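Work through the exercises below with the sequence and the 3D view at hand. Try each task before reading its solution.

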Amino acid sequence: MAALKAKLCREDTIALWDLLSRDNDPLASEEALRDHINRVLGSRGGRDTVSKVVDAIARRWFPTTSFNLDRVPSEPCLFIGNHALFGLDGFVVIPALRVEMNRNLRPMGDKFLFSEPEISKRLIALGAAIGHPEVARALMQRGEDLLVFPGGAHEAVKAQKDRYQLQWKERLGFVRLALEANYPIVPFGLVGPDDFYSYLLDSEDLVHWLERVGLWPDKLRKDVVPPLLRGMLGGPVPRPQPCFLSFAEPVYFSEADRKAVRSRGDAGADKRVEQTLRSYRREVALRIETEIELMLEIREERRSQLGFLRKLATL
């Protein structure tokens with residue numbers, strides 16, 4: 001029995017290592033990519049009973065106040081915001097838009113989340129998809145609302161000092177996709193989810209310690225290692241924090257910029273295109289940061305309105 005248990009533990013460890021490996025790519029082949037796109041397009045995308053139950057629980061656990069919903073265009077959009085710990089922001093933003101505006105956002109997630117077939121199936125059933133350009137293009141061609149966090153997994157395991165700060169590195173892909181499809185970008189700021197947990201040890205410090213003692217596998221991705229945290233009453237459950245969500249004015253693309261991207265080719269044109277993309281990226285980031293600051297101020301003003309039980313649960 002002990003030998004069997006040890007064998008199962010080794011197999012589980014190997015499987016986990018494979019999932020978090022830099023070499024792991026569930027869409028490595030053209031066939032896998034086509035299959036994923038077909039399954040994503042075939043999904044009801046969060047309109048089923050399970051999604052409605054999840055929405056109801058999330059809305060109860062994370063009561064959300066939304067601002068500036070009138071700024072959201074009626075046409076299909078690319079929603080861009082600040083990513084929270086463990087990506088729990090999806091349980092705030094998606095239900096809020098579904099309940100308050102009847103908008104069904106399709107979240108784009110990191111590839112490692114879809115590596116295990118059964119988990120991938122459940123995520124797709126909830127409307128999620130791998131954050132791959134071709135997958136996004138397929139959803140845009142069908143006129144779906146997309147939810148993208150350019151900070152990706154790195155921003156979802158951010159250090160304590162980086163809460164409510166964008167961690168986008170040099171990523172421009174989301175701007176290029178929106179520009180090519182002429183999709184308005186709707187920036188939003190979200191406050192609350194980065195406080196669902198308290199930090200015990202940052203992920204960077206954890207990785208550094210494992211490297212020092214020689215326990216860190218070379219091929220393992222560092223950007224998916226979570227920090228050590230504690231939630232409600234010191235346990236693993238996220239605290240039922242009130243959340244504050246605000247939408248900025250949408251970012252539209254000029255026809256001249258769209259034409260420049262379509263006709264790129266020589267080195268000079270490519271450089272101008274990159275400058276254009278960076279300019280839009282800066283504008284989107286600035287609008288998100290502005291909304292975050294406003295929501296932090298409003299949250300501070302409303303702290304005294306929390307009931308006793310919710311205050312106790314947020315300890």
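A residue is called buried when its relative accessible area is under 20%, and exposed when that area is over 50%. The model is predicted.

**Exercise 1.** Find which residues of helix α2 are buried, and decide how they are arranged around the helix axis.

*Solution.* 
Step 1. Locate the helix: α2 covers residues 30-42. Its 13 residues reach 18 Å from first C-alpha to last, close to the 18 Å expected.
Step 2. Pick out the buried residues of α2: Leu33, His36, Ile37 and Val40.
Step 3. Look down the axis of α2. The buried residues fall within an arc of 100°, so they line one face of the helix.
Step 4. Recall the general rule. An α-helix has 3.6 residues a turn, so residues three or four places apart point the same way.
Step 5. Turn to the face away from the buried side. Exposed Glu31, Asn38 and Gly42 sit there.

**Exercise 2.** Name the elements that the buried residues of α2 pack against.

*Solution.* 
Step 1. Look for strands: β3 (105-109) and β4 (129-130) are among the partners.
Step 2. Look for helices: α5 (117-125) and α6 (133-141) are partners too.

**Exercise 3.** Is Asp195 buried or exposed, and which side chain makes a polar contact with its side chain?

*Solution.* 
Step 1. Apply the cut-off. Asp195 has a relative accessible area of 14%, so it is buried.
Step 2. Find the polar partner: the side chain of Arg163, at 2.9 Å.
Step 3. List what Asp195 touches beyond four places in sequence: Arg163, Tyr164, Arg239, Gln241 and Arg299.

Notes: Residues numbered from 1 in each chain as written. Predicted model: local features only at pLDDT ≥ 70, side-chain atom pairs only at ≥ 80, totals over all residues. Heavy atoms only, no water. Helix = DSSP H or I, 4+ residues; strand = E, 2+ residues; numbered from the N terminus. Expected span 1.5 Å × (residues − 1). Buried < 20%, exposed > 50% of the residue type's maximum accessible area, 1.4 Å probe, protein only. Arc of directions from axis to C-beta. Contact = heavy atoms within 4.5 Å. Polar contact = N/O pair within 3.5 Å; in protein donor to acceptor, adjacent residues only side chain to side chain.
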